[in-house]
Amino acid sequence: MTKQPHDSSTQVVPDIGLLPAHVVIIMDGNGRWARRNDLPRIAGHRRGLESVRSVVKKCIDKGIPYLTLFAFSSENWRRPPAEVQLLMDLFANTLESKARKLHENGICLRVVGDTTRFSSKIRMLINRAEHLTHDNKKLNLTIAANYGGRWDISQACQKVASEVSSGELTADSVGEHDIQRHLSTRFLPEPDLLIRTGGEQRISNFLLWQLAYTELYFTETLWPDFNDEAFERALDSFAKRQRRFGQTGDQVLGSKQIKNA
Ligand code: IPE
Ligand code: IPE
Ligand code: MG
């Protein structure tokens with residue numbers, strides 16, 4: 001189907017499978033995990049890295065090609081400076097110590113978010129890791145850092161506006177596709193499944209545009225406790241859902257029958 005400028009980006013109903021192709025995770029609950037275990041908050045963040053390792057491994061084992069993790073929001077700067085500093089140190093150390101391992105495992109790493117606010121050391125480590133892993137195909141791992149959904153939409157609008165002012169585009173022709181192609185996540189397919197751990201049922205300014213038709217899964221499990229079985233439960237829940245994209249249930253069943261005939 002050719003896209004018209006004013007088509008909804010959700011109008012083209014994608015082929016859907018039992019397994020999500022793109023899983024996005026709001027990794028929440030590190031602080032509460034630490035408190036429950038009588039540990040400082042940073043111990044929860046450190047322990048959370050174990051869960052990252054296990055979901056990455058599971059995506060590779062299952063053949064889920066895209067995984068996007070919310071690591072630090074544009075609002076997280078409001079935390080006590082000492083916690084922000086420890087999170088930055090953890091981010092830098094992890095980038096430094098794990099880039100090679102990611103590469104050896106065939107993982108392509110990308111970071112999305114407003115990275116201009118990070119130290120030059122972190123920016124350098126991001127560039128280096130992205131460069132090293134650029135051609136890998138086993139898993140596309142995207143880390144959202146200093147990411148905000150509103151930031152993403154407004155930076156895309158700025159780019160569209162400059163195309164209009166330079167005459168590359170006319171204001172009348174601007175459509176959803178023009179925003180889409182300037183989003184920081186433009187190289188990713190739309191998310192199929194969002195998982196949020198830690199019990200809160202909110203989006204916290206994550207992928208506001210991209211989540212238009214994503215299936216949402218909320219669990220009380222705290223991120224450091226999110227193990228293989230917890231991930232399986234989320235995937236099972238996804239597999240049982242009927243994604244209708246505005247159609248009726250019968251239409252969806254009908255088109256499945258035609259495909260399977
Ligand atoms: C998520 O865990 C990690 C970040 C936001 C960096 P939290 O640190 O928000 O954990 P809780 O919500 O306080 O338990
Ligand atoms: C969302 O968690 C951001 C990340 C997981 C990185 P928060 O714990 O910061 O979310 P709120 O502030 O409770 O909504
Ligand atoms: Mg939290």
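Helices (H or I, at least four residues) and strands (E, at least two) are DSSP runs, numbered from the N terminus. This is a predicted model, in which local features need pLDDT of at least 70 and side-chain atom pairs count only at pLDDT 80 or more, whereas totals for chains, interfaces and linings use all residues. Residues are numbered from 1 along each chain as its sequence is written, chains are lettered from A and ligands numbered from 1 in the order in which they are written, and side-chain values use heavy atoms, with hydrogens and water left out.

**Ligand 2**
- The shell around ligand 2, whose members have a heavy atom within 4 Å of it, includes F70, A71, F72 and S73, and strand β2 (residues 66–73) gives the most to this shell, with four residues.
- Polar contacts are pairs of N or O atoms within 3.5 Å; an oxygen atom of ligand 2 lies 2.7 Å from a side-chain N or O atom of R202, and a polar side-chain atom of R196 is 3.3 Å from an oxygen atom of ligand 2.
- Of the 390 Å² that ligand 2 exposes when taken alone, the protein buries 78%, by the Shrake-Rupley method with a 1.4 Å probe.

**Ligand 1**
- Helix α1 (30–36) and helix α2 (41–62) each supply at least two residues of the shell around ligand 1, and α1 gives the most, with three residues.
- An oxygen atom of ligand 1 is 2.7 Å from a side-chain N or O atom of R79, and another polar contact places a polar side-chain atom of R32 2.7 Å from an oxygen atom of ligand 1.
- The protein covers 86% of the 390 Å² of accessible area that ligand 1 has on its own.

Technical notes. Polar contact = N/O pair within 3.5 Å; in protein donor to acceptor, adjacent residues only side chain to side chain.
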